[in-house]
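Me: Please take a close look at one part of this model, the strands and the helices that go with them. Describe how they are put together.

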Amino acid sequence: MVKMQDLDLWLRDKTKAAILNSKEKWKDRKGRLQRKPKWGVTFLGTGGNPEAVLAQRPRTAGFLVEFGDLFMYVDPGPGALQGVLEARVDLGALDAVYISHGHVDHYAGAESIIEGMCWAMSTRRGLLMGPKKVFEDERSISKFHQGETEKYGYLGGPQVVYLEAGSSLTVKGVKLTPVQAYHGTENYGFILEAEGLRLGYTGDTNYILAYSTPDGIQEVKRFGPIMDFRKVERFREDIREAFSRVDVLIANVTSHNAWVHRHITTIGLAHLLRDSQVKLCYMSHFNYCCVEPEDIRFKMAEYVEGMTGIPTGVAQDMGYLDLTPYLKKG
Ligand SMILES: [Zn+2]
């Protein structure tokens, strides 16, 4: 019996010490938030649509933006937390989580990311930005993770911000302007601006509305792939207007010529970028068809670059895009 009492005491001590250890790691973080301003994008995932979600090829974890003082997670889909652990990202330093729209590849990893941002839901901090529809109508993010935590005995949580197209907000000295996207549900891309640098993110949006074929003009239909494309006849002029003036553009292409009713595609991106001021375009949100049975992503980039003359890259899972060369000096 004495032996059991000793074991009991030993377990109590070990448990207490272990709890203090984990508390220090995730909850008691004061004084450990010194982040140096950085300028870059870390792609934890570059896939999109159900096929990529199911295969995790490319991954569907979204990306992190470090834009001066702002540290923001964009579109944390399935696999987000795994990407964070692999990249050794400190979620407790996040300032914001941005959800462009309520599709699973853009929000389904968000709740665990919010827990990290809010120091295991112990602290009120950070913004949760997205369309009102995602938070109120579809309730894709639980009310707990929207910050209604007190009735569950937690004190922490984010501040929810409903996005509105064209209605800019300033976060950590960065101007963020939501850009209307066209994708079947309330959806916003964005433009970030600070220190003369403009970064655009298209989100998921259609772009081409009608195109010419050898047999005349064709409206974009629900299903692709488009095989008789000659040139763009009608397109989303507001999308081109918004994104042709950024320095660096992250474009969710999805494919070269399919799902055109919902996505930009690379035939659309080549039209958007022509005669634009974009200095670098990075393509992301690749459907599984871009990598299996053959990886055609670099050929897609070659097409866009060849048609526009604008340097076009392929975002890769766990890849980093350095934005410092695009900062305006002086
Ligand atoms: Zn979507």
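Reply: In this predicted model, an open sheet is built from seven strands in the order E6-E5-E4-E3-E2-E1-E17, with mixed pairing. Strand E6 (157-162) and strand E17 (319-322) are the edge strands, each pairing on one side only. On average, and with direction ignored, neighbouring strands of this sheet are turned by 20 degrees against each other.

Within this sheet, strand E3 (residues 70-74) and strand E4 (residues 96-98) run parallel and are joined by three bridges. Val 74 has Tyr 98 in E4 as its bridge partner. Helix H5 (residues 110-117) lies across E3, E4, strand E5 (124-130) and E6, and its direction is at about 165 degrees to E4.

E15 runs parallel to strand E14 (residues 248-254), and six bridges join the two. Leu 280 in E15 stands opposite Val 248. Between E14 and E15 the chain passes through helix H8 (residues 265-273), and this β-α-β crossover is right-handed.

E15 also runs parallel to strand E16 (residues 312-314), to which three bridges join it. Here Met 283 has Val 314 in E16 as its bridge partner. Together with helix H9 (residues 297-308), E15 and E16 make a right-handed β-α-β unit.

Conventions
Residues numbered from 1 in each chain as written. Predicted model: local features only at pLDDT ≥ 70, side-chain atom pairs only at ≥ 80, totals over all residues. Pairing = 2+ DSSP bridges. Helix = DSSP H or I, 4+ residues; strand = E, 2+ residues; numbered from the N terminus. Right-handed = clockwise from strand over helix to strand, strands pointing away. Axes fitted to C-alpha atoms, helices over the stretch in contact; angles between N-to-C directions. Contact = placed C-beta atoms within 7 Å.
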